[in-house]
Amino acid sequence: QVQLVESGGGLVQAGGSLSLSCTASGRTFSRYAMGWFRQAPGKEREFVAAISWSGGRSYYADSVKGRFTISRDNAKNTVYLQMISLKPEDTAVYFCAKSRLALQYTPPLELPEYIYWGQGTQVTVSS
C-alpha cells in the first residue's frame with residue numbers, strides 16, 4: 001500500500017509564497033507520474049499540476065500557470081509544488097496523488113487517473 005504524506009501548507013498573505021512537499025512510501029515512485037490537486041470548500045477537487053515519471057514533462061492548470069512550479073526528486077521519493085504570487089482564490093486543501101499507470105510519456109491531468117492520494121494540506125491565502 002502506497003502512502004503519500006504532504007507537508008508545507010499554512011497561512012500566507014496574498015502575494016506571498018509557499019512550498020508544498022509530498023513524500024511517498026515504496027520503491028516504485030520513480031516510475032509514476034505525480035499530480036497536485038486542490039479542493040476549496042463547497043467545490044469539487046480540481047487539477048493543479050502534474051509531472052511525468054522522469055520529471056521531463058509538466059503541466060499546469062491555467063489558473064496557476066506562471067505562478068506554481070511542480071518538481072520531483074526521485075532519489076527522495078518526493079514531489080514538490082512551489083507557489084508564488086498567491087491569491088485568495090488559491091485557498092484550498094492541496095492533495096498530492098500518484099498516477100495509476102507506470103512510465104506514461106505524458107502525465108495524466110484527470111483525477112480518475114490517480115489512485116493513491118495523500119491526506120491533504122491546508123493552504124489559506126488572506127487578502
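Modeller: The largest nonpolar core has 33 residues. Trp36, Val79, Leu81, Met83 and Tyr94 have the most contacts inside it. The model is predicted, so local features need pLDDT of at least 70 and side-chain atom pairs pLDDT 80 or more, while totals for chains, interfaces and linings use all residues. Residues are numbered from 1 along each chain, and side-chain values use heavy atoms, without hydrogens and water.

Colleague: What makes a set of residues a nonpolar core?

Modeller: Its members are buried Ala, Val, Leu, Ile, Met, Phe, Trp, Tyr and Cys residues, joined through side-chain atoms within 4.5 Å. Here the largest share, five residues, comes from β5. Strands are DSSP runs of E, at least two residues, numbered from the N terminus.

Colleague: Why is Ala40 called buried?

Modeller: Buried means under 20% relative accessible area (1.4 Å probe, protein chains only). Ala40 has 18% relative accessibility, so Ala40 counts as buried. Ala40 lies in the loop between β4 and β5.

Colleague: Which residues is Ala40 in contact with, leaving aside neighbours within four places in sequence?

Modeller: Thr91 and Ala92. Contact means heavy atoms within 4.5 Å.

Colleague: How do you know that β3 and β8 pair?

Modeller: Two strands pair if DSSP finds at least two bridges between them. Six bridges join β3 to β8, and these strands run antiparallel. Leu20 stands opposite Leu81 in β8.

Colleague: What joins β7 to β8?

Modeller: Six bridges, with the strands antiparallel. Ile70 has Leu81 in β8 as its bridge partner. Four residues lie between the strands of this hairpin, where Asn77 takes a positive phi near 55°.

Methods:
Buried means under 20% relative accessible area, exposed over 50%, partly exposed in between (1.4 Å probe, protein chains only).
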